[in-house]
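Please keep the sequence and the structure in view while reading.

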Amino acid sequence: MNIEKYTQNAQSAVMDSQNVAISMGHQMLDGEHMHMALIMQKDGLIPRLLQHMKVESNAVIMALRVELDKIPKVSGGGDGIYSSRRFSKLMMRAEEIAEQFKDEYVSVEHMYLALLNEKGTPSSRLFAKYKVDKDRFLEALENRRRWCR
């Protein structure tokens, strides 16, 4: 992962993912930490796209908290945090998606699409529950890009 190839908002989301994990007492950084960071970005693209798709961000946040609460907490002297294999694969997948889009930098939508491509994860179950899929997300993204031009 070359953080220099990430937009400022994407870099912020990576840092926020770590902060979510640390604040919840988690030693391992995983996809749901990224999901939470992306959906909670103040004035972020992902919450706006979810709103466009008529998905209640607060409901997803609450459901994500439930999933994150299932992760074992650590306490004591170990302040270190490490990325799970899954988190690393998500970041690599986001970089691949950015290349497919012919974008010079990895941005938050690439990261969210990486999450959307997963199967059998807590986030994928939440996507199914709230009817968030790749096609709907890409449609909302295209509408947003068209509107911003």
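Predicted model: local features only at pLDDT ≥ 70, side-chain atom pairs only at ≥ 80, totals over all residues.

When cavities of 30 Å³ or more are counted, the total comes to one.

Which residues line the largest cavity? The lining is made up of His-35, Leu-50, Val-55, Val-60, Tyr-112, Leu-126, Phe-127, Tyr-130 and Val-132. Sorted by type, these lining residues divide into eight nonpolar and one polar, with no charged residue among them.

In soluble globular proteins, nonpolar side chains tend to be buried together. In this model the largest nonpolar core has 43 residues, and the ones with the most contacts inside it are Met-34, Leu-38, Leu-50, Met-111, Tyr-112 and Phe-137. At least two residues of this core come from each of the helices H1 (8-23), H2 (31-39), H3 (45-52), H4 (57-69), H5 (85-100), H6 (108-116), H7 (122-129) and H8 (134-148). The largest share, seven residues, is supplied by H6.

Helix H6 is also mostly covered, since nine of its nine residues are buried. The buried residues of H6 include Met-111 and Tyr-112, both of which are listed with the most contacts inside the core, but Glu-109 and His-110 in this helix are buried as well. Met-34 is another residue from that list, and, when residues up to four places away in sequence are not counted, Met-34 touches Ser-17, Phe-87, Leu-90, Met-91, Met-111 and Leu-115.

## Aromatic rings that meet

A pair of aromatic rings is described by the distance of the centres and the angle of the planes. How many aromatic pairs are there in this model? The count comes to two aromatic pairs. In one of them, the rings of Tyr-112 and Phe-127 have centres 5.4 Å apart and planes at 80 degrees, and because an angle over 60 degrees counts as edge-to-face, this pair is described in that way. Tyr-112 lies in helix H6 and Phe-127 in helix H7, so the pair ties together parts that are 15 residues apart in sequence. Both Tyr-112 and Phe-127 are buried.

The other pair joins Tyr-112 to Phe-137, with ring centres 5.3 Å apart and planes at 35 degrees, so this pair is tilted. Here, too, distant parts of the chain are linked, as Tyr-112 is in helix H6 and Phe-137 is in helix H8, 25 residues apart. Phe-137 is buried, and so is Tyr-112. Taken together, Tyr-112, Phe-127 and Phe-137 form one aromatic cluster.

## Contacts between helices

Ala-37 has its place in helix H2, while Val-20 has its place in helix H1. Although these two residues are 17 residues apart along the chain, their C-alpha atoms are separated by 7.1 Å. Ala-37 has a relative accessible area of 4%, so this residue is buried. Leaving aside neighbours within four places in sequence, Ala-37 is in contact with Ala-13, Asp-16 and Ser-17.

Val-20 also counts as buried, because its relative accessibility of 15% is under the cut-off of 20%. The C-alpha atoms of Val-20 and His-33, which are 13 residues apart along the chain, are separated by 6.0 Å. With neighbours within four places again left aside, Val-20 is in contact with His-33, Met-36 and Leu-68.

Ser-57 belongs to helix H4, and this serine counts as buried at 15% relative accessibility. When residues up to four places away in sequence are not counted, Ser-57 touches Ile-39, Pro-47 and Leu-50.

## Two lysines in loops

Where does Lys-54 lie? Lys-54 is found in the loop between H3 and H4, and this residue has a positive phi of about 65 degrees although it is not a glycine. Its relative accessible area is 76%, and because this is over 50%, Lys-54 is exposed.

Lys-102 lies in the loop between H5 and H6, and it has a positive phi of about 60 degrees, although Lys-102 is not a glycine. At 74% relative accessibility, Lys-102 counts as exposed.

Notes:
Residues numbered from 1 in each chain as written. Heavy atoms only, no water. Core = buried A, V, L, I, M, F, W, Y, C linked by side-chain atoms within 4.5 Å. Buried < 20%, exposed > 50% of the residue type's maximum accessible area, 1.4 Å probe, protein only. Helix = DSSP H or I, 4+ residues; strand = E, 2+ residues; numbered from the N terminus. Contact = heavy atoms within 4.5 Å. 1 Å grid on protein atoms, 1.4 Å probe; cavity = no way out; pocket = protein on both sides within 12 Å on 5 of 7 lines; lining within 4 Å. Points joined across faces, edges and corners; volume = space filled by probe spheres on them. Nonpolar A, V, L, I, M, F, W, Y, C, P; charged D, E, K, R; others polar. Phe/Tyr/Trp six-rings, centres within 6.5 Å; stacked < 30°, edge-to-face > 60°.
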